[in-house]
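Please have the structure open as you read.

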Amino acid sequence: MSKALKIKKGVDKGLNDLLEFLLKSKDIKGIFALKKMNENGAVSYSLMTSVDELKKATPLHPLMPVNAGKVLSIFSLKEATKEPVAAVLRPCELRAFIELVKRNQGSLDNLLLISLTCGGVYPLQSLADGNMKKHLPPYWESLKKAEINPDLRVTCQSCEHFIPYLADMTVATVGKKDLDKECTILLNTTKGEDYAKDAPGNIGSEEMETAETEKLKKRREEQNKKIVEDFEKEGLGFKALVKTFSACLACHGCSYACPICYCTLCDFDSKTLEYSPQSFVSELEQKGGLKIPPGNIFFHLGRMSHMAVSCVNCGMCSDVCPVNIPVATVFSRVSLSLQDEFNYLPGKDVEESVPYGVYKEEEFVEIGEQ
Amino acid sequence: MSNEYVPRIIGFLCNWCSYTGADLAGTARLKIPASLKVIRVMCSGRIDPLFVLKGFLKGADGIMMMGCHPGDCHYQKGNYNARRRYVMLQNILKILGLEKERIGLWWVSASEAPRYAQVTHEFEEKIKKLGSNPIQEEIFL
């Protein structure tokens, strides 16, 4: 049971009230959240410092134009923000940010982290199709009933980590039947409690995990099983892998959109792994044919070896793919088995090191001795 | 010449233990499989997973990684890092659709020439049974 701030307003309005209160009455100097860009439902992450600007904020809008973890890391890269900032972001974005902090790509200092029990987001395509407005009412309806909305991102439909870790405040949305009338914000840390003092609304208490969140978790587990089964129907193995990635344009959009791929110069964009003219010749002599430019599968497998252990399954890679390759589905199969192997959940604990570069002497002892 | 299938095996050997062990095997005139092409690296921790993946995509039938026994690494912890990367590579091989037996990690010290000869022969036998790497025929890569 943790303390909760209850505001007698719709969840959208209630959260905006709290953000406005933080900006006006506390030492928070900026709000980092989604902002409405036009009437068609386009949004963008923004840093807002004035109350006027904040009126356009729509932190709970079910779209993810970019993984916020990546954006937060951009402005806390060299040092923590000088003034305290409140950031509203989804659980997977928060986990991605934690993974970046572990890699010295950002700082948690001076940040008030506000997250939510997440119902998922729509693919960016629905914005391009102009369907975003139509999607909003059913989104909130399915959230109230803790059901999976079938139009959501595939990764969101099967996400089991929709309750945030390490957030100071959590907006409860999943399974809240009175979403339109009451906004419940759980205060998970003492920092969160301090900031919510004297805020509009009453302080009560609330459970983070309810019967409704359990229900959603179960449903998503089932959905996950179904997605994996559907994917495996295509067949596993090398042939299937080549088939899956045969449409790949090598635009590397998946790596640019990935919050974990933080390198300023990717190995695969550099000259390091470039094909030399001689290797074309030798490969042609062997095979009699060659795809040009080569290296598609190598790029995906190589990227996998770099980031899969920290993959938070946010689904940005699938979403930005111009040829609709289910990148996230392929990657999550590897990332889940790897995370299981190293007993590691990315973004859960900022003190826990990334599995590569650390080791335990007593693990995998049978390897190498045969 | 016989028509026996000769696999293509790449060995990444650490400079301080396994490469010296291989050298000793040569001095002792132990027979080593001709299918094994050795690449010397300064430490098993230097074996970038990309080396291994590229090896397989270029058509290697098997890849051996060798380093100092745990606790004996010239750089203290390079072989422990290699061990974790090896676990990661096995998981990626699964999605690549290759048998995980095509890659192996062994600790071979500078004095273990007979062990070096033994594990390389055993690995060659295993690869011969598995047959050639199906990626060799694939043009779309």
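**Helix α4 of chain A**

Helix α4 of chain A (residues 91–102) has twelve residues and reaches 17 Å from its first C-alpha to its last, close to the 16 Å expected at 1.5 Å a residue (1.5 Å times one less than the number of residues). Helices here are DSSP runs of H or I with at least four residues, strands are runs of E with at least two, and both are numbered from the N terminus. This is a predicted model, in which local features need pLDDT of at least 70, side-chain atom pairs count only at pLDDT 80 or more, and totals for chains, interfaces and linings use all residues. Residues are numbered from 1 along each chain as its sequence is written, while chains are lettered from A and ligands numbered from 1 in the order in which they are written.

- Eleven of the twelve residues of α4(A) are buried (20 or more other C-beta atoms, placed from the backbone, within 10 Å of a residue's own).
- Among these buried residues are R95(A), F97(A) and E99(A).
- They pack against α3 (68–75) and β5 (111–116) of chain A.
- Just after α4(A), N104(A) has a positive phi of about 60 degrees.

*Where chain A meets chain B*
- Helix α13 (residues 296–307) of chain A and helix α2 (residues 49–57) of chain B have axes that come within 10 Å and cross at roughly 150 degrees (lines fitted to C-alpha atoms over the stretch in contact, with angles from 0 to 180 degrees between N-to-C directions).
- That makes α13(A) roughly antiparallel to α2(B) (an angle over 145 degrees).
- Residues making the contact (C-beta atoms, placed from the backbone, within 7 Å) include F298(A) and L301(A) of α13(A) and L53(B) and K54(B) of α2(B).

Technical notes. Parallel < 35°, antiparallel > 145°, perpendicular 65-115°, else oblique. Contact = placed C-beta atoms within 7 Å.
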